Amino acid sequence: MLRDRERREYALMLAPYLVGIAVLIALPALITFALALTEYDLIRSPRFIGTQNFRDLWDDEVFRTSIRNSLMFILFAVPLRLLGAVSLALLLHRRFRGVAAYRTAGYLPTVVPDVAYALLWLWIINPLYGPLNLALGAIGGPTPSWLTDPRAAQWAVIIMSLFVIGEGFIVAMATRQGIPGELYELGDIEDASPFFMFWRVTLPLMAPTLLLLMFRDTIFSFQANFVPALIVTEGGPPPYATTYLPLFIYRNGFEYLRYGYASAATLTMFGITALIVYLQYRIVKRWRHAFVV
Amino acid sequence: MADLRFAGVRKDYGEVRALRGLDLEVADGEFLVLVGPSGCGKSTALRTAAGLEEVTEGSIHIGGRDVTDVKPAYRNVSMVFQSYALFPHLSVEENIGFGLRARGVKPGRARDKVLAAAELVGCEQLLERKPFQLSGGERQRVALARALVREPDVHLLDEPLSNLDAQLRVYMRAELKRLHQNVGTTMVYVTHDQIEALTLGDRVAVLNEGVLQQLGPPDAVYRRPANRFVARFIGSPAMNLFPAERMDGSLHAGPFVFEARPNLPERVEVGVRPEHVRVDEGDQGAAAEVQVVEMAGNETYLHLKASDSPLVARVGADVRPPVGSTVRVSARPADAYLFDAETGETLS
Amino acid sequence: MKSRNWRQLPAALIAAIFLLPLYFMVSGSLRKAGLPPPRTLELLPSPLAWGNYERAFELVDIPRYTLNSLLVVAFAVPLTLLTASWAGFAMARLSRRPAGALIALSLIALMIPLTALLVPRFTIFKELGLINTYVPLIAPAIMGTSPFYVLLFYWSFKRIPPELFEAARLEGLGPLATWWRVAMPLVRPVTVAVAVLCFAFTWSNFLDPLIYLFDQEKFTVPLGLRALATLDRTNFPLLLAGSVAATAPVVVAFIFVQRYFLQEFRGVGWLGR
């Protein structure tokens with residue numbers, strides 16, 4: 001039972017966090033709802049226009065393209081990133097000589113500031129003299145024009161996202177290290193092959209965390225490609241190949257000053273995100289039975 | 001079923017010498033207990049037998065076969081861990097059948113074997129449950145069933161009862177013994193509890209600091225300890241030990257005086273077990289002050305102090321002298337043990 | 001016995017791959033600007049053109065921007081540590097239902113992408129007249145910058161045996177005192193981890209400074225870097241030099257403290273549990 005004084009102190013400790021969430025997350029969310037139904041350019045007061053924004057979005061070719069692009073990105077980037085994070089975690093979770101350096105290396109790209117990272121890749125994927133195409137050419141591989149070919153540009157953004165898996169790496173590694181070592185010793189004694197142990201023990205026991213990672217990464221991927229998209233490709237070769245939703249929202253809001261319109265797009269983004277996460281959740285629920293021994 | 005032999009096994013962890021040249025033979029079908037304090041090397045010995053640790057030197061033989069370089073999976077042993085190591089996401093049935101499925105046994109055949117093993121340990125009712133739904137004792141049984149289901153040559157058990165509460169431990173001890181009588185497989189059991197060692201083992205191996213102190217039936221280890229360490233470690237309350245002073249042909253050890261044998265080394269220690277300390281309220285023997293009286297149900301432990309030496313006596317439940325009173329203590333020479341003060345070896 | 005060293009080779013290989021981008025950043029920055037572009041893969045340019053760094057510093061006021069960034073970080077990181085550990089501690093000590101609700105709230109908040117909140121947050125700060133100041137940049141620190149940090153602290157505090165807290169309570173320590181004297185000392189690795197993560201995040205933050213800062217002298221490093229990019233878009237050695245200048249502080253800080261938070265997680269908060 002908590003005494004009064006304790007209650008007050010706990011309330012104090014929770015206050016900044018809760019106030020912060022209310023003001024910086026809940027309130028903006030509500031405002032988005034409201035603004036989506038208006039036309040607002042920050043100079044004149046908002047003008048209520050009902051669902052006009054949504055109807056305009058529906059007709060907006062660029063919007064539809066940006067949704068398609070974002071979905072395509074997620075389709076490839078999320079599984080690949082998850083795979084990368086888990087692989088890193090499984091490779092580096094045990095202690096062996098030099099493992100600290102390897103772990104650092106795996107995390108380091110994540111620490112690089114977005115802008116620097118984007119500029120760096122602008123250099124790396126330069127079709128004529130960037131290291132990537134030079135290396136590919138040297139071994140006789142294809143040298144796509146990363147910046148001008150729409151498909152290639154999209155893949156460039158995906159590849160860029162594969163190096164910044166630090167957070168997923170750490171979470172996956174912590175999860176793996178949380179599995180008691182004795183379970184694996186038992187596997188040694190019971191002649192369980194490494195594949196058997198991975199499929200029947202490691203994966204099922206890591207699954208809840210991986211699921212959470214997948215959800216978070218899906219949502220995160222909706223916005224992760226903003227900086228690369230802006231700096232590297234400036235929205236992409238026609239037809240707007242690397243204009244993803246965040247860029248669309250940013251452009252309409254801060255460049256074209258159509259805040260109401262941008263808010264409507266934001267709400268749509270929310271809706272799509274929630275839908276995808278829900279679908280992922282349902283699919284995985286169905287598959288859980290496959291893990292039974 | 002097979003015998004297990006340690007030949008000159010040494011295990012170092014960097015600077016630390018966990019095992020120093022262990023030579024030990026476990027007979028086919030025997031229940032051998034490895035006992036000793038924390039860090040004595042008993043778990044290390046078990047793990048080298050399982051193949052979970054590599055030996056630094058020496059060899060391990062199972063059923064006459066040198067398995068020193070053989071992977072754990074091919075040694076045909078089973079292991080029960082102190083924490084049971086049950087898979088939290090699998091049901092009891094899946095846990096028991098884990099090894100069978102790993103080796104590719106078809107589900108139908110596996111189920112029969114799992115059921116048989118479950119019945120042996122008495123957990124056939126629990127097959128559908130998950131580990132988190134089980135009590136400590138139930139989890140223990142599942143771990144045992146899993147070890148039994150493969151019918152290996154040797155069962156290795158690493159302090160399986162340590163996580164159970166006292167009463168359950170006593171009950172499971174008997175269950176284990178019954179199980180061994182039923183199944184008859186060679187069992188090597190590690191514990192730090194000397195009572196478990198005495199009650200369970202056909203033979204007991206006492207270890208300390210990586211060295212085997214004594215190997216023998218419980219009776220031998222209790223009544224004829226090879227050295228001071230075994231004498232003090234086995235038996236509860238621990239044996240009373242006094243440095244002995246020689247004075248005109250007698251040994252004065254604490255409150256006791258014994259005749260000194262010829263050919264005794266320079267310095268000697270004398271040990272008397274608490275149950276051999278005779279407590280009289282009359283006039284015979286040395287005076288001792290009663291400091292603490294522990295009532296243990298059917299007997300009493302008296303913590304005494306006699307001529308500056310503390311000692312413990314084990315007496316009947318009805319003997320309860322008040323704290324602070326004086327009693328008389330004595331011991332028969334035949335009940336006394338002599339140890340070389342330098343080496344700790346038993347001399348009589 | 002299985003030899004565990006099969007991991008060495010693949011690990012080294014993968015580590016090398018992950019370090020490649022950084023390597024190219026440095027090697028590219030040392031290339032003499034204005035030379036015809038390389039025709040073959042050039043591992044280390046010669047001559048080494050340190051002049052690129054000079055030029056970057058000339059064109060764009062990197063030192064000033066660095067100071068600006070440091071200013072923001074100096075406020076944001078300590079504030080984050082305070083509020084995130086407070087919230088995490090309270091969540092760890094409350095009874096199951098309130099704690100559960102808070103965890104759910106945190107998970108939901110975690111799922112909301114920041115870009116979705118750009119527009120409305122901007123309008124809020126505009127109404128408050130706080131545009132073109134550092135306040136919007138530091139404001140997220142009031143809520144621990146990210147629910148992820150709050151959850152990290154929560155998990156760590158949860159691993160501390162409750163008996164320690166009960167003992168403190170019996171001694172008359174209130175929640176705040178317990179947090180400071182008992183809990184925080186036990187979670188140093190996590191505190192360091194959060195500090196570094198928050199530092200990296202705040203330092204790299206490009207979106208918020210982009211929309212809130214208009215005066216060039218207030219720019220933070222990422223904005224400065226972008227300014228450099230718009231000034232001389234094709235001069236890669238120059239841009240890479242600027243990138244290295246922007247990245248170096250974070251990488252150095254990270255390398256110093258990585259052993260605190262890339263170590264095994266079994267022992268986080270309390271040993272032997």
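**Exercise 1. Backbone angles in the loops of chain B**

Task: Find the loop that holds Ser307(B), and decide whether Ser307(B) is buried or exposed.

Solution. 
Step 1. Ser307(B) sits in the loop that runs between strand 17 (299-306) and strand 18 of chain B. The model is a predicted one.
Step 2. Phi of Ser307(B) is positive, about 40°, although Ser307(B) is not a glycine. Most residues other than glycine have a negative phi.
Step 3. Ser307(B) has 12 other C-beta atoms within 10 Å, so Ser307(B) is exposed.

Task: Repeat the steps for Asn76(B): where is Asn76(B) found, and what is its phi?

Solution. 
Step 1. The loop between strand 5 (65-66) and strand 6 (77-80) of chain B contains Asn76(B).
Step 2. Asn76(B), a residue other than glycine, has a positive phi near 60°.
Step 3. Asn76(B) has 19 C-beta neighbours inside 10 Å and therefore counts as partly exposed. A buried residue would need 20 or more.

Task: Which residues does a cis peptide bond join in chain B?

Solution. 
Step 1. The cis bond joins Ser236(B) and Pro237(B), with omega about 0°.
Step 2. Pro237(B) belongs to the loop between helix 9 (228-233) and strand 11 (240-247) of chain B.

**Exercise 2. Two open sheets in chain B**

Task: Give the strand order of the open sheet of five strands in chain B, and name the strands that stand at its edges.

Solution. 
Step 1. The order is 15-19-16-17-18, and the pairing is antiparallel.
Step 2. Strand 15 (278-280) and strand 18 (309-316) of chain B are at the edges; each has a single partner strand, so one side of each has no neighbour in the sheet.
Step 3. From one strand to the next, the twist averages 45°.
Step 4. Now take one pair. Strand 15 of chain B pairs with strand 19 (residues 326-330) of chain B in the antiparallel sense over three bridges. Arg278(B) stands opposite Ser330(B), which is in strand 19 of chain B.

Solution. 
Step 1. Read in order, the strands of chain B are 6-7-8-3-9-10, with mixed pairing.
Step 2. At the edges are strand 6 and strand 10 (211-216) of chain B; each has a single partner strand, so one side of each is left without a neighbour in the sheet.
Step 3. The twist here averages 15° from one strand to the next.
Step 4. Strand 3 (residues 31-35) and strand 8 (residues 186-191) of chain B run parallel and are joined by five bridges. Phe31(B) faces Met187(B) of strand 8 of chain B.

**Exercise 3. The contact between chains A and C**

Task: How many residues does each chain give to the contact?

Solution. 
Step 1. Chain C gives 78 residues and chain A gives 73 residues.
Step 2. On the side of chain C that touches chain A, helix 1 (residues 8-29) of chain C gives the most, with 13 residues.
Step 3. Sorted by class, that side of chain C has 57 nonpolar, 13 polar and eight charged residues.

**Exercise 4. The nonpolar cores**

Task: Which residues of the largest nonpolar core touch the most other members?

Solution. 
Step 1. The largest core has 154 residues, and the ones touching the most other members are Leu119(A), Leu120(A), Ala172(A) and Val194(C).
Step 2. Helix 3 (residues 62-93) of chain C supplies the largest share of this core, 15 residues.
Step 3. Leaving out residues up to four places away in sequence, Val194(C) touches Thr80(C), Leu81(C), Ala84(C), Tyr149(C) and Leu152(C).
Step 4. Another core, of 101 residues, lies apart from the largest one; its members include Val55(B), Ile96(B), Ala143(B) and Met172(B).

Notes. Residues numbered from 1 in each chain as written. Chains lettered and ligands numbered in written order. Predicted model: local features only at pLDDT ≥ 70, side-chain atom pairs only at ≥ 80, totals over all residues. Core = buried A, V, L, I, M, F, W, Y, C linked by C-beta atoms within 7 Å. Helix = DSSP H or I, 4+ residues; strand = E, 2+ residues; numbered from the N terminus. Contact = placed C-beta atoms within 7 Å. Nonpolar A, V, L, I, M, F, W, Y, C, P; charged D, E, K, R; others polar. Pairing = 2+ DSSP bridges. Axes fitted to C-alpha atoms, helices over the stretch in contact; angles between N-to-C directions.
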